[in-house]
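Open the model in your viewer and keep the selection tool at hand. Each stop below gives a selection and what is there.

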Amino acid sequence: MRYLYASLGLLCVGLALLGIALPLLPTVPFLLLASFFFAKSSERMHNWLISHAIFGPMILDWREHGAIRPAAKKAATASVAAVFMISVLFGAPSHVLVIQLVVLGGVMVFIWTRPSG
C-alpha cells in the first residue's frame, strides 16, 4: 500500500504543477491530496512537501485554519473568469454557459467564504 500511496502522492504533485499553468486544474486540492498520500507512505516525502517554500505554506494554512491565502483567492478568481470568458468568446451553447456559471459560481463562493491565510 505504501507504494500505491507514494505513487498517488507523486501523481497529485504532478497535477498540482500542471494546475499552476492550466486555469481549469486546481493546484491546492492536489497538494492537499499529495500531503495525505505522502503522510501514509513516506515521511520523507511528506516532510519535503510540508517544508517546501511554495507549497508548504498553502498546505499548512489549510490544515491548521481551513484558510486560503488572498493571493490564491485572487488567482483562482482570475482563472475562473478567464475560463468563462473563453467559453463566451468561442460561442459555447447557452446551456453550457449556465452550467459553467452555476458550478464556477459555487467554487467561487466556497473559496471566498474560507478564512484568509
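This is a predicted model: local features need pLDDT of at least 70, side-chain atom pairs count only at pLDDT 80 or more; totals for chains, interfaces and linings use all residues.

Numbering starts from 1 along each chain as its sequence is written, and side-chain values use heavy atoms, with hydrogens and water left out.

**Stop 1: α2**

Select residues 28-41, helix α2. Helices here are DSSP runs (H or I, at least four residues), numbered from the N terminus.

Now colour the buried residues of α2: Phe30, Leu31, Ala34, Ser35, Phe37, Phe38 and Ser41. Buried means under 20% relative accessible area, with a 1.4 Å probe and protein chains only. An α-helix has 3.6 residues a turn, so residues three or four places apart point the same way. Show α1, α3 and α4, which are among what covers the buried residues of α2.

**Stop 2: Leu49**

Move to Leu49 in helix α3. Leu49 is buried, with a relative accessible area of 0%. Which residues does Leu49 contact, leaving aside its neighbours within four places in sequence? They are Val13, Leu31, Ala34, Ser35, Phe38, Phe55, Gly56 and Ile59. Contact means heavy atoms within 4.5 Å. Draw a distance from Leu49 to Leu31: their C-alpha atoms are 8.3 Å apart, and the two are 18 residues apart along the chain.

**Stop 3: the largest pocket**

Select Pro26, Thr27, Val28, Ala72 and Ala76, which lie nearest the centre of the largest pocket among its 33 lining residues. A pocket is an open set of points on a 1 Å grid over the protein atoms alone, with protein on both sides within 12 Å along at least five of seven lines; lining residues have an atom within 4 Å of a point. The volume is about 840 Å³. Helix α5 gives the largest share of the lining, eight residues. By class, 28 are nonpolar, three polar and two charged.

**Stop 4: the cavity**

The structure holds one cavity of 30 Å³ or more. In a cavity, a 1.4 Å probe fits but cannot get out. Select its lining: Val28, Met58, Asp61, Trp62, Ala67, Ile68, Arg69 and Ala72. The volume is about 60 Å³, the space filled by probe spheres set on points joined across faces, edges and corners. Helix α4 gives the most to this lining, with three residues.

Definitions and conventions: Helices (H or I, at least four residues) and strands (E, at least two) are DSSP runs, numbered from the N terminus. Ala, Val, Leu, Ile, Met, Phe, Trp, Tyr, Cys and Pro count as nonpolar, Asp, Glu, Lys and Arg as charged, and the others, Gly among them, as polar. Buried means under 20% relative accessible area, exposed over 50%, partly exposed in between (1.4 Å probe, protein chains only).
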